[in-house]
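This report describes a ligand site and a helix pair. Please look at the sequence and the structure first.

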Amino acid sequence: MVINVGLLGLGTVGSGTAKILLDPAHRHPLVSRLALAKVGVRSLDKPRPVDIPADHLTTDLESIVSDPSIDIVVELIGGLEPARSLILKAISHGKHVVTANKAVIARYGDEIFTAANAAGVYVLLEAAVGGGIPVVQPLKQALGVNHIHAVTGIINGTTNYILTRMQQEGGDFEAILADAQRLGYAEADPSADVDGLDAADKIAILASLAFGGRIKLSEVYSEGIRHVTAADITYANRLGFVIKLLAIARRCPPDPKAAAATESGNEPVDELQLRVHPTLVPEAHPLATVNDVYNAILVEGDPIGQVMFFGPGAGEGPTASAVVSDIINIAATLISSQATTITPQTANPLLACTHQHYCKVSPMADLVSRFYLRLLAEDQPGVIGKLGLCFGRHHVSLESIVQIGMRDHRAEIVIVSHEVTEANFQTALDEIREFPEISSVPSVLRVL
Ligand code: HSE
């Protein structure tokens, strides 16, 4: 039995995928059971880094998703449309789908998986998060028996590259972003990466897998790295931290109201924190030494404890490795069942999406975290006392408060709080911003 693959897109990841499919030697034997039957491209005339027979190429992507001979459609065109429509059409024609498209899955996962379950097809997405790092299938399979407490990741290579260079060179964000763009590490429009949106898509997907429920992307708090300065990186280092863009999905500590609901016979509803923001990470933390374009995802659960996945989060070869791993996963189930279609009764629950409900996401105001704050103030008696009193009134306990020196003829003060609720900290900060002695508050960052 040969499994026919239709590939949509022959860009970087598409070319890498085609190269693996066309060269099965020394790989898993299942790769040789896959035939690259059709490849959908934007233009037939473009030179290709991979040798595809001319009669396999088409610009009519719709013809691939409706072709009766195709078993698996691999969507690697990226973007929202026509990717979403093509995935849905492939599903409606009974095709299994493999995609690397985190943006489509994070926004339309509900629609796509509902359609896939109804049609009896699989939709797999290992390449959508962490590039070549196997993390999606491990969460579904090898770690599936665990009660997951938290998934914390560095899942955007561009921002990790920029922050690593800021740390190593002491440079400011804008200059290093421009250099990263020149070197091809950052897009001409860097917004999806530097504003945290790409990482938000990815953590929404990881949270859905780890916590077994769908996620509304609008409920993921996301803050990028544009406001991180060389000064903050230096002060963070002095305090024993590095600054990383973390994506965090965490089960909230049990809520007494939920416990009461259990006693009254109802299942407690776990709430999740879902957030992406630059974070001060203690130097001894396993994520602190993940540098450059590398990604890493730390999963914490019971009984596994901590397990960390580390590797290349993007790039042709690594991402294609993840894509083809999904293709052979589907091929294995089709070949072992001698059927190209499945039904809800015969679907492999370790590959299919098995949840329909939405997770409950806790508001940011309820988040309990430590904070790092840098402000510029008049250098006069009583300012630090006034700050301490204001924080105290709002139940914000301070771990340290240091006047570092002078910047722009103002006293530069760095504060680190103990764990406090976001709401209390922000209320105190709103009051502090209005103090006549405070010139500006250049930085507010959360501490892991
Ligand atoms: N733009 C992403 C990153 C790679 O910088 O990590 C693709 O997900």
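## Ligand site and a helix pair

An oxygen atom of the ligand lies 2.8 Å from an N or O atom in the side chain of Lys 202. This is a predicted model, in which local features need pLDDT of at least 70 and side-chain atom pairs count only at pLDDT 80 or more, while totals for chains, interfaces and linings use all residues. Residues are numbered from 1 along each chain as its sequence is written, and side-chain values use heavy atoms, with hydrogens and water left out.

| Residue | Atom in the residue | Distance to a ligand oxygen atom |
|---|---|---|
| Gly 157 | polar backbone atom | 2.6 Å |
| Thr 158 | side-chain N or O atom | 2.6 Å |
| Lys 202 | side-chain N or O atom | 2.8 Å |

On its own the ligand has 260 Å² of accessible area (Shrake-Rupley method, 1.4 Å probe), and the protein covers 77% of that. Two or more residues of the shell come from each of helix 6 and helix 9 (197-211); helices are DSSP runs of H or I with at least four residues, numbered from the N terminus.

Around the ligand stand Lys 102, Asn 156, Gly 157, Thr 158, Asp 193, Asp 198, Lys 202 and Ala 314, where near means a heavy atom within 4 Å.

Helix 6 (residues 157-169) also has a helix partner: its axis and that of helix 10 (residues 230-238) come within 9 Å and cross at roughly 70 degrees. Helix 6 is therefore roughly perpendicular to helix 10 (65 to 115 degrees). In this contact (heavy atoms within 4.5 Å), Leu 163, Met 166 and Gln 167 of helix 6 meet Ala 230, Ile 233 and Asn 237 of helix 10.

Conventions:
Axes fitted to C-alpha atoms, helices over the stretch in contact; angles between N-to-C directions. Parallel < 35°, antiparallel > 145°, perpendicular 65-115°, else oblique. Polar contact = N/O pair within 3.5 Å; in protein donor to acceptor, adjacent residues only side chain to side chain.
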